[in-house]
Amino acid sequence: MMKAVKIILILLAIVTFLIPQHAAEVLGQTKDELERLVNDLKDPSWQMRWYAAEALGERKDSRAVEPLVAALKDKNVYVRTMAAWALGEIKDSRAVEPLIEALRDEIKDVTVKAALALKDITGEDFGKDPAKWQKWWEGKK
């Protein structure tokens with residue numbers, strides 16, 4: 001009996017995780033794709049917000065920069081991490097300052113993705129040091 005309960009709980013966890021992914025993929029195929037994905041960044045489900053950020057990064061559409069910048073402050077670490085990755089994929093310089101600020105995040109995964117995104121956007125590599133990035137950026141403005 002315990003084995004059956006464990007199997008059911010595992011299947012439930014898998015379905016709970018996959019449903020938001022499928023929903024984001026389906027929404028991404030409609031003509032209002034960008035608008036829907038941006039709205040999904042505000043969904044109560046962190047999984048939906050995560051998948052929306054991923055889909056926006058894959059689109060590489062610069063119109064998603066501002067909503068993804070806002071997602072860098074999401075309460076969920078996975079969403080913040082994916083938002084940093086997505087901004088690196090889009091490679092828009094408007095994301096540089098917010099990504100420098102994201103280097104101060106208390107979660108290592110976020111700072112690593114923010115540093116990689118900064119490198120992708122700028123071609124520079126100052127690691128995870130926000131002071132070095134800020135000094136370089138001030139000289140570029």
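Q: What counts as a salt bridge here?
A: A side-chain nitrogen of Lys or Arg within 4 Å of a carboxyl oxygen of Asp or Glu. This is a predicted model, where local features need pLDDT of at least 70, side-chain atom pairs count only at pLDDT 80 or more, and totals for chains, interfaces and linings use all residues. Residues are numbered from 1 along each chain as its sequence is written, and side-chain values use heavy atoms, with hydrogens and water left out.

Q: How many salt bridges does the structure hold?
A: The structure holds 10. One of them pairs the side chains of R63 and D61, at 2.5 Å from N to O.

Q: Is D61 buried or exposed?
A: D61 is buried, at 12% relative accessibility. Buried means under 20% relative accessible area, exposed over 50%, and partly exposed in between (1.4 Å probe, protein chains only). R63 is exposed, at 56%.

Q: What about E101 and R104?
A: Their side chains form a salt bridge too, at 3.5 Å, N to O. E101 is partly exposed at 42%, and so is R104 at 46%.
A: Elsewhere, shared partners link E33, R59, D61 and R63 into one salt-bridge network.

Q: New topic. How many residues are in the largest nonpolar core?
A: That core has 38 residues. A nonpolar core is a set of buried Ala, Val, Leu, Ile, Met, Phe, Trp, Tyr and Cys residues joined through side-chain atoms within 4.5 Å. L72 is among those with the most contacts inside this core.

Q: Which residues does L72 touch?
A: Beyond neighbours within four places in sequence, L72 contacts (heavy atoms within 4.5 Å) R80, A83, A84, L87, P98, L99 and A102.
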